[in-house]
Amino acid sequence: MAGWFKRLLHKRKPRSVENSLNTSHSASSSPSSSSAESSSSSPSTSLIRSIRPSPMLPSDITASGSARWAKTYDVCICHSEVDLEVVEELVSYLEGQPESFRCFLQLRDAAPGSAVGTELCDAVQNSHCWVMLITPGFLQDPWCKYQMHQALAEAPMANGRTIPVLKDVDRKDYPRELRNLYYIYMKENSFRQIRDTVVRCEYITLRV
């Protein structure tokens, strides 16, 4: 009786059972290998890898069915008229990217004859994100502050849609309303940094 029971235990498993066991084993071994790999790197690197979104391709953003097209513009540039030259360069750069970002430029895109306040509000509401070019001219322009407040009211929870960019402004003069937001300081590679930030905003928009 004992010999028969022992032979029963050692009886070869059906192939389908073996396959399912092998599959489950390989699936369960995958996390352990990744965890071993993660343990070899620093904790901060592992954390960054775990939360960093996968790269977004231009085709993802330009897809006709994406949430991007729910708004007229990808980015609204809020600026003082005295900074128009650098803003035009920025807009030309963004619109020339593979994603062909749609920018709202007030002097170009505002409807003639419309009220300034209405146009600024519409630009904020119809854009996915807003670049605030904070310069001495911005700080002295009441319309810039008005549009900044409209943007903050549109997205009161700092979710990456408001993008402050400082140029020729000391940290102490940074608007108090934006103190809880990280900013970009205008320098040599700032256009690229602004572009990457807009892409990240589009990434959030497409996945909300």
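Predicted model: local features only at pLDDT ≥ 70, side-chain atom pairs only at ≥ 80, totals over all residues.
Residues are numbered from 1 along each chain as its sequence is written, and side-chain values use heavy atoms, with hydrogens and water left out.

**Overall make-up**

- The chain has 10 helices and 5 strands, which are DSSP runs numbered from the N terminus (helices H or I, at least four residues; strands E, at least two).
- Buried residues make up 35% of the 208 residues in the chain, where buried means under 20% relative accessible area, exposed over 50%, and partly exposed in between (1.4 Å probe, protein chains only).

**The sheet and its helices**

- The 5 strands of an open sheet follow the order β2-β1-β3-β4-β5 with parallel pairing, two strands being paired if DSSP finds at least two bridges between them.
- Strands β2 (103–104) and β5 (184–185) stand at the edges with a single partner strand each, so one side of each has no neighbour in the sheet.
- Strand β1 (residues 73–78) runs parallel to strand β3 (residues 127–134) and is joined to it by 5 bridges, and I77 stands opposite V131 in β3.
- Helix α7 (residues 116–125) packs on the sheet, where it touches β1, β2 and β3, contact meaning heavy atoms within 4.5 Å.
- The direction of helix α7 makes about 120 degrees with that of β3, where axes are lines fitted to C-alpha atoms, for helices over the stretch in contact, and angles run from 0 to 180 degrees between N-to-C directions.

**Salt bridges**

- The structure holds 9 salt bridges, each a side-chain nitrogen of Lys or Arg within 4 Å of a carboxyl oxygen of Asp or Glu.
- One of them links D74 with R68, whose closest N and O atoms are 2.6 Å apart, and both residues are buried.
- Another joins D168 and K167 at 3.1 Å, N to O; D168 counts as exposed because its relative accessibility is 56%, whereas K167, at 23%, is partly exposed.
- In helix α10 (residues 190–207), D196 and R192 lie 4 residues apart, about one turn of the helix, and salt bridges that share partners join E99, R192, R195 and D196 into one network.
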